There are 2 protein chains.
Amino acid sequence: MTRLLNPLPLLNDIFLRALRSQPTAYTPIWIMRQAGRYLPEYRALRAKAGSFLGLMKNPDAATQVTLQPIERFPLDAAILFSDILTVGDAMGLGLSFAEGEGPRFETPVRDEAQVKALAVPDIEAKLPYVMTTIKQIRRELTTADGHQKLPLIGFAGSPWTLACYMVEGGKSADFRTIKSMLYKRPDLLHHILDINARALCDYLDAQIAAGVNAVMIFDTWGGVLSDEAFASFSLQYTTRIVAELHARYPDPVTRPPIIVFTKGGGQWLERTAACQADAIGVDWTTSLSQARERLSYKNTGRYTALQGNLDPTILLSNEQVIRAEARKTLEDYGPTPGHIFNLGHGVLPITPPEHVGALVDEVHTASRAIRLAK
Amino acid sequence: MTRLLNPLPLLNDIFLRALRSQPTAYTPIWIMRQAGRYLPEYRALRAKAGSFLGLMKNPDAATQVTLQPIERFPLDAAILFSDILTVGDAMGLGLSFAEGEGPRFETPVRDEAQVKALAVPDIEAKLPYVMTTIKQIRRELTTADGHQKLPLIGFAGSPWTLACYMVEGGKSADFRTIKSMLYKRPDLLHHILDINARALCDYLDAQIAAGVNAVMIFDTWGGVLSDEAFASFSLQYTTRIVAELHARYPDPVTRPPIIVFTKGGGQWLERTAACQADAIGVDWTTSLSQARERLSYKNTGRYTALQGNLDPTILLSNEQVIRAEARKTLEDYGPTPGHIFNLGHGVLPITPPEHVGALVDEVHTASRAIRLAK
């Protein structure tokens with residue numbers, strides 16, 4: 001089933017053009033967790049809402065939080081304020097956030113009966129607040145003369161990453177519970193991943209229908225797998241989502257670009273890019289110039305943009321260092337089209353906001369200069 | 001200065017032969033943290049000693065702990081029971097181990113005065129218990145007719161990994177303190193790393209003089225660095241240690257082989273191997289067959305053995321799975337000389353000891369069969 005997209009023309013579309021590996025006058029930038037704890041205006045809203053979950057499930061509040069960073073900095077995209085695990089909540093697993101401990105599911109999925117009881121949830125019925133928030137953000141981004149100021153990014157966790165929290169119940173140092181399942185009962189894990197892939201596909205589709213202009217799949221924990229297990233328990237299912245979204249939105253010109261990011265997945269770039277995503281996220285352990293070469297048209301027969309990859313701890317230093325490191329990153333990638341500047345992981349809560357401002361400014365200024373000097 | 005080595009002939013030298021990329025009738029195996037909490041006999045001794053530090057600093061106890069796993073399993077090497085951070089203790093930083101929290105230094109090194117006060121310690125004077133333990137283990141490994149049963153491995157943390165604990169004071173989720181120093185005051189960090197490299201070189205040299213047959217450098221936290229920072233803040237200093245040890249022990253036939261292991265360093269194998277170590281450790285995120293090809297004589301002009309790389313969580317499954325995964329790992333590497341079987345990280349404390357027994361048995365049996373079938 002193909003859905004009708006009804007986008008407004010964008011005032012700033014360089015993020016989308018870079019995702020499609022088209023030339024841009026400068027390098028677009030957005031920042032993972034750009035709406036979050038490092039911003040005092042976020043902390044104020046968070047305190048009023050009482051909890052992260054309360055903030056996320058309230059469309060007015062979630063809209064405000066989404067817009068906060070783009071009001072402060074000239075970022076090239078907004079990203080929906082939400083969580084990578086909402087689909088597990090829609091499955092009835094009871095998502096909660098313990099202070100300083102990250103997300104938890106109240107009822108982890110561990111034995112055969114629990115696994116077999118899982119079903120693909122009715123996304124529109126279970127996660128209405130997400131779609132309401134997206135529509136509200138789109139309205140807020142709309143100008144009086146019928147333009148959209150910036151693109152809006154939707155997102156979800158990858159099937160494997162969602163499964164990690166579903167099986168472990170929360171964060172894990174060694175993923176012993178889900179890996180025990182992987183090695184002892186791979187059939188059960190494949191069952192979970194199949195359901196996750198279908199649910200996440202419906203979820204991203206619903207986000208697109210509600211109005212996001214690009215989607216990102218966060219495979220936060222793919223990098224803890226062995227080379228072989230990554231292919232069969234993570235990438236295989238991410239690939240299915242990309243293929244199904246392409247089937248639902250077959251026009252390559254109008255469909256929202258897809259970004260896939262596996263933290264710690266630098267060794268698997270070629271294989272990951274073969275999932276046909278428009279862009280691959282890379283963290284700071286991977287050289288951008290080498291990644292660009294490895295995923296070049298010459299080597300892969302297709303264009304893949306790259307998103308990344310500054311170490312977030314660099315934003316703890318000072319303006320001078322931040323600007324120098326930003327230039328190094330831009331120069332490492334070079335003037336070739338297809339780079340979206342970002343950190344290699346979420347911005348740290350202790351980051352001074354003005355350091356983010358310096359980064360955004362330097363990326364815009366220096367990337368223009370690099371293109372003109374060419 | 002070249003020291004005289006006075007080794008006894010080894011009853012089982014296949015570990016050393018594999019490290020030198022020579023043919024062996026089967027694949028040798030030892031296991032990171034093979035002497036440790038998963039063994040009930042270790043937990044008994046640990047309880048008697050009162051603390052990890054007490055155990056490590058008592059040569060009788062440390063000798064017993066070193067020998068425990070080789071008495072239980074037909075492993076191909078013993079590894080000194082000690083810690084990767086002893087040299088920091090020798091520098092007077094006050095090493096301690098809080099239960100369940102890992103190592104800590106009481107007085108972290110953070111400001112310029114603290115950095116400039118650091119000095120290369122007199123290893124023999126400050127760490128006599130390590131050398132006494134090594135000599136005692138060697139005596140215990142000696143047979144009545146003048147052979148040594150198995151090779152003994154000595155080790156230390158890499159200059160960067162030691163610096164992580166020196167600057168952070170303990171474990172860190174994001175290494176924000178040392179990375180802030182790296183980006184704001186690289187001169188201070190280089191000063192620390194220079195002292196660490198010289199101290200660690202003296203330390204490994206002292207271990208060799210006391211009788212270890214091979215040394216391993218654990219770069220446990222190299223993988224948290226950016227591609228560029230890894231080269232200048234970690235690998236550069238590890239390379240210096242290897243070069244200096246080669247200068248002190250110039251005979252390639254008799255000098256103890258050196259193993260370098262960067263956890264999460266799969267993207268940097270070629271560069272790491274260029275440090276001239278005899279063997280490179282790899283974790284489970286790296287394909288052994290690809291690593292073997294990347295570091296082959298054809299591609300690098302030298303022989304480099306590989307050590308690894310089973311995911312430690314596989315040992316939580318069951319005998320059948322463990323044996324199947326061990327065979328897959330062996331087949332992935334193939335019958336080419338130069339593989340030392342190991343896990344990709346330390347054995348988990350909740351591992352049933354009989355699972356380790358099954359792994360050792362399967363590696364020995366299956367690797368022989370693979371060679372004979374060729």
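Author: What follows is a set of questions and answers on how the labels were reached. Keep in mind that this is a predicted model.

Reader: What makes chain A agree with a compact globule?

Author: Its radius of gyration. For 374 residues, a compact globule would have a value near 21 Å. Chain A has 20 Å, so the two agree. Along its principal axes, the C-alpha trace of chain A spans about 60 × 50 × 45 Å.

Reader: How much of chain A counts as buried?

Author: The cut-off is under 20% relative accessible area. By that test, 62% of the 374 residues in chain A are buried. The accessible surface of chain A is about 14,000 Å², and 52% of it belongs to carbon and sulfur atoms.

Reader: What share of the contacts in chain A links residues 24 or more positions apart?

Author: 77%, counting contacts with a separation of 6 or more. As for secondary structure, chain A has 17 helices and nine strands.

Reader: Why is strand β9 of chain A called largely enclosed?

Author: Count its residues. Strand β9 of chain A covers residues 339-343, and five of the five are buried, so the rest of the structure largely encloses it. Both faces are covered. H339(A), F341(A) and L343(A) are buried on one side. I340(A) and N342(A) are buried on the other.

Reader: What is the strand order of the seven-stranded sheet in chain B, and why are two strands called edges?

Author: The order is β1-β4-β5-β6-β7-β8-β9, with parallel pairing, in an open sheet. β1 (78-79) and β9 (339-343) of chain B each have a single partner strand, so one side of each is left without a neighbour in the sheet. Further in, three bridges join β6 (residues 258-262) to β7 (residues 279-281) of chain B. There, V260(B) stands opposite I280(B).

Reader: How do you know that the two copies are related as by a two-fold axis?

Author: A rotation of 180 degrees, with 0.0 Å of shift along its axis, superposes chain B on chain A at an RMSD of 0.0 Å. The copies are thus related as by a two-fold rotation axis. In chain B, the C-alpha nearest that axis belongs to Q267(B), 2.9 Å away. The same surface serves both copies, as 100% of the contact residues of chain B recur in chain A.

Reader: What makes helix α9 of chain B largely enclosed?

Author: 10 of the 10 residues of α9(B), 159-168, are buried, so the rest of the structure largely encloses this helix. Among them are W160(B), Y165(B) and E168(B). G169(B) follows the helix, with a positive phi near 90 degrees.

Reader: Why is S21(B) called buried?

Author: Its relative accessible area is 16%. The cut-off is under 20%, so S21(B) qualifies. S21(B) lies in the loop between α1 (14-19) and α2 (40-49) of chain B. Beyond its neighbours within four places in sequence, S21(B) is in contact with Y303(B), T304(B), A305(B), P337(B) and G338(B).

Conventions: Residues are numbered from 1 along each chain as its sequence is written. Chains are lettered from A and ligands numbered from 1 in the order in which they are written. This is a predicted model: local features need pLDDT of at least 70, side-chain atom pairs count only at pLDDT 80 or more; totals for chains, interfaces and linings use all residues. Side-chain values use heavy atoms; hydrogens and water are left out. Two strands pair if DSSP finds at least two bridges between them. Helices (H or I, at least four residues) and strands (E, at least two) are DSSP runs, numbered from the N terminus. Copies are superposed by least squares on the C-alpha atoms of residues with pLDDT of at least 70 in both. Contact means heavy atoms within 4.5 Å. Buried means under 20% relative accessible area, exposed over 50%, partly exposed in between (1.4 Å probe, protein chains only). The radius of gyration is taken over C-alpha atoms; the globule rule is 2.2 Å times the number of residues to the power 0.38. Accessible areas come from the Shrake-Rupley method with a 1.4 Å probe; for residues, only the protein chains shown count as cover.
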